[in-house]
Amino acid sequence: STARMLELCLALEASPQAPTSRQLVLDAEALTRLATSGGAMPPHATRALAYYSLGVLRIRFARAWAHAPPLLQAIARSQPTTLWPLVVDAVASARRSLGIG
């Protein structure tokens, strides 16, 4: 459900302040299961989860980075038309911030 997805995102976001590697892995795995639940999540929730996953890659907490690619892969498989425009925008934004084209 969307509420569960948001609850898990908040738990993962809090992990740099209260790192518990076991809970971090459990929450990330639960998010991945939600993303692969066969389209059970509405597109707006999937979009929010995709933004969240891309944002995890920008934080300075390396333990969280490993959990973003499987989640992005799950979203790419279940709702690719939701994910890819966001990835293209994120790459374009990164290029602009680096002064590359």
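Predicted model: local features only at pLDDT ≥ 70, side-chain atom pairs only at ≥ 80, totals over all residues.
Residues are numbered from 1 along each chain as its sequence is written, and side-chain values use heavy atoms, with hydrogens and water left out.

The protein has six helices and zero strands, where helices (H or I, at least four residues) and strands (E, at least two) are DSSP runs numbered from the N terminus. From that terminus on, the elements run α-α-α-α-α-α. Of the 101 residues, 35% count as buried; buried means under 20% relative accessible area, exposed over 50%, and partly exposed in between (1.4 Å probe, protein chains only). Among contacts (heavy atoms within 4.5 Å) between residues at least 6 apart in sequence, 60% join residues at least 24 apart.

Helix H6 has 18 residues, which at 1.5 Å a residue should span 26 Å, and its end C-alpha atoms are 26 Å apart, in agreement. The expected span is 1.5 Å times one less than the number of residues. In H6, Thr82, Leu83, Leu86 and Val87 are buried. Seen down the axis of H6, these buried residues fall within an arc of 115°, so they line one face of the helix; the arc is that of the directions from the helix axis to the C-beta atoms. The face turned away from the buried side carries the exposed residues Thr81, Val88 and Arg96. Just after H6, Gly99 takes a positive phi of about 75°.

The buried residues of H6 pack against H3 and helix H5 (68–78). The axes of H3 (residues 43–56) and H6 (residues 80–97) come within 9 Å and cross at roughly 35°. Axes here are lines fitted to C-alpha atoms, for helices over the stretch in contact, and angles run from 0 to 180 degrees between N-to-C directions. On the H3 side, Pro43, Thr46, Arg47, Ala50, Tyr51 and Leu54 meet Thr82, Leu83, Leu86, Val87 and Ala90 of H6.

Ala90 is partly exposed, with a relative accessible area of 32%. The C-alpha atoms of Ala90 and Gly55, 35 residues apart along the chain, are separated by 9.3 Å.
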